Amino acid sequence: MKKKIFYYIIRRVIIYLITLFLSFTVVFFFLRMIPGDPVTRFVRMIEQRFSYSPMSIETINAWKTRFGLEGDIFTQYRRYLERVFLNFDLGPSFVAFPTPVQDVIAFRLPWTIFLLGLATIISWVIGTIVGALAGWKRGTKLDSILFSIALSMSQIPYYIIAILLVLLLSYIFRIFPPRFALSLQINLFSLEFITNLLYNSFLPILSLVLVLSFGWLLSARFITISILGEDYLLFAQAKGLKKIRLLNRYVLRNALLPQATGLAMSLGFIVNGSYLVEWIFQYPGIGGLLQFAINILDYNTIQGIVLMSIFTVLTANLIIDLIYPLIDPRIRTGE
Amino acid sequence: MKTSISSFKKKTRVLSFLKRSIIFDIGFSIIILFVVLSLMEPIINGYILKGQGVLKSGIFDKYLPPSFEHLLGTDHYGRDVLALLLASLKNSLLIGAISGGIATLIGIVIAMMAGYLGGKVDDILNGITNTVLVIPSLPILIAVAAYTRLNLILMCIVLSIFSWPASARTIRAQILSFKERPYIELAKVTGFNSFEIMFKEILPNIAPFIGIGLANAIIGAIFAETGIRLLGLGPGEIPSLGLMINWALAFGALSLGHYHILLSPAITLILIFTSLSLINIGLEEIFNPRLKKITGI
């Protein structure tokens, strides 16, 4: 039995590494297909902005070496792989030159993790429980109301919900701030800091939760209804088990695994839209950094953010897959 | 001439499925309404703007509230919001349809190769599909839009590169299930080759699921396009719903209280996404009998 889990883990890790490598390669070549190179653009920008005399070829070449842009594309690719995977170096950034990109990202990352983590957990829990209940009470008025709302809400991008929430709760009713404005003077981990943080991030989190929980509701409802027809549930009912126990032990428990798979698969999607929500609220996370980097065409930082997002999504997928054996005994016993 | 085996099944009237799902009907009607509005855009805008360009500023007064003359008011440049909205709706739907179409075609080809050839080919293609599926594509698309001057077609191609995996997954699953049906065995025994089986027997039967894949791909494409435009990137001479929201936010529709400029594109977008999602579930409800019992409202 132990051996089976071991093989399962090894297999998952190998797939993880291959996927990681493949997507890094895809992103590298995809971004290099964009015409023009960042250093030439950067040089031109400096020449224009500070009216320097044109830079010499030597200077430009020195910059190119520093940014890993010398030689043909395959040399660049090899060097980039070495730099990223062996030295964990994403190159210098422009937004905060010469701070390396990974440091700039690391500074912002906790904010994004806080926003996304909290929103994902809240919406997953609410969606799964309410969805299972709706499926359990299928055909009732409550179910059809929930189902209709969920159907119409689940595909709306959260940036639109975010904008409408700002309009409603910051401008028409002035309850929450339209921009994230947390004072950095407050002592970290004090009560004041936490209340301020929650107050300021309420709208960004709400806009993610509103959309995501309806998505989870739909899938949990679907899974629950397909469980309702199973023989084991009929048997449990025939045994005369209490309804709450049936719902808890037989329905919810079996719905958890497919819901967890769904969570893993939709992480990329969750990350996708969240950057725009951050941008709308001027939230100090990765999305805000991306916007900043795009404004000054900071190539290294943009590429770093893309790679970091992929790395995070894939790693989260791996972690969820590795937790599977704990939830699903079939993997433990290898059936 | 060999006819297809599945066509021996009783033929049903083409549009009869419309009666079978109210969810589908609602979504479908809204989309049809939007398509008709987009097609009539030159006529309506010709009437509103009296022959001037939709992006030309200063034709009317700034920030007029909604009235009989300007049903949705005017914006900060004195442009008619309704005229802009129709032009943007047309472009957003066009971009969604073209990129969704390209993505679904890629999806069909990949899914047919994977589903029918099976084995190693399936493993590899499935691996690629799953890789692209988990890549958060919006930052990449934003980077591309920031660095290149995109025109409409180029934009559609770039968008479709990341939106095909969803439809490939849906279609592959269906091909795998249809491959095992008895009439496919019958077709094999009758001497149809793989190519004929694929196109004559399986493809017509998974058409509804291609529809679902298409709706998904269009949702993905409009989602990404709007996101890129929201940041003010992409071709500025082609108005789109996302770009309208960008303008509204940038020129203080919120702080100045001109909510109609922001609400018009936002509500239109919500209707597009909602009705595509209704079409999606509606098609599943009609053509996936297992699910029909499940959705049941």
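Among contacts in chain A between residues at least 6 apart in sequence, what percentage join residues at least 24 apart? The figure is 72%. Keep in mind as you click around that this is a predicted model.

**Stop 1: chain A as a whole**

Select chain A and switch to cartoon. Orient the C-alpha trace along its principal axes and the span comes to about 85 × 60 × 40 Å. Now colour by burial: of the 335 residues in chain A, 36% count as buried.

**Stop 2: the nonpolar core**

Bring chain B back into view for this one. The largest nonpolar core holds 152 residues. To find your way in, pick the residues with the most contacts inside this core: on the chain A side, Tyr159(A), Ala162(A), Ile163(A) and Leu290(A), and on the chain B side, Leu141(B) and Ile142(B). Then highlight helix 3 of chain B, residues 81-117, which brings the largest share of this core, 15 residues.

Zoom in on Leu141(B). Leaving aside residues up to four places away in sequence, Leu141(B) touches Val158(B), Leu159(B), Phe162(B), Ala224(B) and Ile228(B).

**Stop 3: where B meets A**

Next, select the contact residues between the two chains: 38 from chain B and 45 from chain A. On the chain B side, show helix 4 (119-134), helix 5 (137-147), helix 9 (207-230) and helix 11 (259-287), each of which supplies at least two residues. Helix 11 of chain B gives the most, with 11 residues. What is the make-up of the side of chain B that touches chain A, in nonpolar, polar and charged residues? Colour by residue type and you get 30 nonpolar, 8 polar and no charged.

**Stop 4: two positive phi angles**

Back to chain A for a backbone detail. Most residues other than glycine have a negative phi. Go to Phe88(A), where phi is near 50°, a positive value in a residue other than glycine. You'll find Phe88(A) in the loop between helix 4 (73-87) and helix 5 (101-136) of chain A. Is Phe88(A) buried or exposed? Phe88(A) counts as exposed because it has 9 C-beta neighbours inside 10 Å, and the cut-off for exposed is 12 or fewer.

Finish at Gln282(A), not a glycine either, with a positive phi of about 50°. Gln282(A) sits in the loop between helix 10 (243-281) and helix 11 (286-295) of chain A. With 13 other C-beta atoms within 10 Å, Gln282(A) is partly exposed.

How values were computed. Residues numbered from 1 in each chain as written. Chains lettered and ligands numbered in written order. Predicted model: local features only at pLDDT ≥ 70, side-chain atom pairs only at ≥ 80, totals over all residues. Core = buried A, V, L, I, M, F, W, Y, C linked by C-beta atoms within 7 Å. Buried ≥ 20, exposed ≤ 12 C-beta atoms within 10 Å, placed from the backbone. Helix = DSSP H or I, 4+ residues; strand = E, 2+ residues; numbered from the N terminus. Contact = placed C-beta atoms within 7 Å. Nonpolar A, V, L, I, M, F, W, Y, C, P; charged D, E, K, R; others polar.
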